[in-house]
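Hi,

Here is the structure I promised to pass on, with the sequence alongside. My notes on it follow below.

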Amino acid sequence: KKTPLWKLSAIGGVVLAAGYIAYTLFADSSVRSYRVPKEQLIVSTVTRGSFEDVIPIRGTIQPLNSVFLDAVNGGVVEEVFVEEGSFVEAGQPLLQLSNTNLRLSAAQNDTNITEQLNFLGNISNNLETDKLRTEREVIDIEYRLIVLERQKNRFEGLADSSLISEEEYTSVLDELVYQRKLLENSKARQALEDKIRGERMLQIATQVEKLEENLEVSQSSFESLLVRAPISGQLTSLPVDIGESKMSGERLGQIDVVDQYKIVAQVDEFYVSRVSANQSSRFTLLGESYQSRVIKVYPEITNGTFEVDMVFDKSAPENIRRGQSLQMEMVLGDAVESLLLPVGGFLQDTGGNWVFVLDSVGDNAIRRNIR
């Protein structure tokens, strides 16, 4: 059956409309150009020059030397002698803690150690007394031998003249032999006692030294309740209030040496293998340019960054403050001759992989891959 002409016309119209819509969609998806007013673009000139491999970093001013104050023994804050921000001298009292249990424990330890020291002292005195007693015995025996020698010499002549009995003369000789053996025995015992006493005295001296050290530790543990400044400097932090309880090891404050500063900066972990000691950095502050150098690189990486410490080369800026931030540039390598393109917003959008390059007329820009 033949199709009416009006139907054929309608079908043709639908096909043409669908074709036009499809063409429009596919044509739009394949568009490679876009018109934009020239004044809305940022145009930079590519040049050849000296390229410095630098990275931007952000540094913070910190004291070169800082000492933290921690509670050696816990306690309640009883009195605060200085205010936060004051300049203190080494050994100056800062605050007083109170701890009744520590006071009683220190007193008990002092008593026990004192008793042990007295006991060791008595042992040492007894050893010295025994030494003197043995020396006295030797002296008595030696004196007795002298007397017997004289008596023996007298009795020899009397015995020859029969003026004394043989029994009396023999008794003197026997007594003389006995005293000589007794002297030999006493000197042997004296030598043994000297050896034992020497060893014992060394042990006592060692024990006394340890007990005295323990006594000092016991006393210092109580004295540590009076917190003193370990160095001279500025008390930049002392967050304590009277009546507040502090645990052992808890942070009490911080003292900074304010005549020297360093810069602490965080660097992306991508450059961890390219940063080392003595590398230079530069920054501008109040219109003046300054140089710094790396003195320490911390190997630990935290949240994708690692930390470096830097010091100022030559002179440091005046009126800088702890915690002040600096925008810096760290030099990673020597300058080389290269083709240079100023850094722009395209880096964030393209990752530095391509740019648009203007033609000679300047009316068209064509995308070009770069490296």
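This is a predicted model: local features need pLDDT of at least 70, side-chain atom pairs count only at pLDDT 80 or more; totals for chains, interfaces and linings use all residues.

In the second largest pocket, strand S7 (226–228) provides the largest share of the lining, 3 residues. A pocket here is an open set of points on a 1 Å grid over the protein atoms alone, where a 1.4 Å probe fits, with protein on both sides within 12 Å along at least five of seven lines, and lining residues have an atom within 4 Å of a point. Strands are DSSP runs of E with at least two residues and helices are runs of H or I with at least four, numbered from the N terminus. Strand S3 (66–70) also gives two or more residues to that lining.

Residues are numbered from 1 along each chain as its sequence is written, and side-chain values use heavy atoms, with hydrogens and water left out.

The largest pocket has a volume of about 2300 Å³. Its lining has 50 residues, and Leu341, Phe346, Trp354, Val355 and Phe356 lie nearest the centre. Strand S17 (354–358) is among the elements giving two or more residues, along with S2 (54–63), S16 (336–340), helix H4 (346–350) and S18 (365–369). S17 gives the most, with 5 residues. By class, the lining holds 27 nonpolar, 11 polar and 12 charged residues.

Now to the nonpolar cores, meaning sets of buried Ala, Val, Leu, Ile, Met, Phe, Trp, Tyr and Cys residues joined through side-chain atoms within 4.5 Å. The largest has 20 residues, of which Ile57, Ile263, Val267, Phe283, Val308, Met310 and Met330 touch the most other members. At least two residues each come from S2, S11, S12, S13, S14 and S15 (325–331), and S14 gives the most, with 4. Another core, of 17 residues, lies apart from this one and includes Leu69, Ala71, Leu97 and Ile255.

As for Val308, its contacts (heavy atoms within 4.5 Å) beyond four places in sequence are Ile263, Val264, Ala265, Val267, Val275, Val294, Lys296, Val297, Tyr298 and Met330.

A few single residues are also worth a look. Gln254 sits in strand S10 (251–256) and counts as buried because its relative accessibility is 10%; buried means under 20% relative accessible area, exposed over 50% and partly exposed in between, with a 1.4 Å probe and protein chains only. The side chains of Gln254 and Asp256 make a polar contact of 2.8 Å. Such a contact is a pair of N or O atoms within 3.5 Å; within protein, one must be able to donate a hydrogen and the other to accept it, and residues adjacent in sequence count only if both atoms are side-chain atoms. Setting aside residues up to four places away, Gln254 touches Ser66, Val67, Phe68, Leu69, Gln234, Leu235, Thr236, Ser237 and Arg322.

Glu89 is in the loop between S5 (87–88) and S6 (93–98) and is exposed, at 52%. A polar contact of 3.2 Å links its side chain to that of Ser232. Its C-alpha lies 26 Å from that of Pro317, 228 residues away in sequence.

Glu269, in the loop between S11 (261–268) and S12, is partly exposed at 40%. Beyond four places in sequence, Glu269 contacts Ile301, Gly304, Thr305 and Phe306.

Finally, which residues have a positive phi although they are not glycine? Leu286 has a phi of about 55° and lies in the loop between S12 (280–285) and S13 (288–302), where it counts as exposed at 81%. Asn303 has a phi near 55° too; Asn303 is in the loop between S13 and S14 (305–312) and is exposed at 77%.

Best wishes

Conventions: Grid points are joined across faces, edges and corners, and a volume is the space filled by probe spheres set on the points. Ala, Val, Leu, Ile, Met, Phe, Trp, Tyr, Cys and Pro count as nonpolar, Asp, Glu, Lys and Arg as charged, and the others, Gly among them, as polar.
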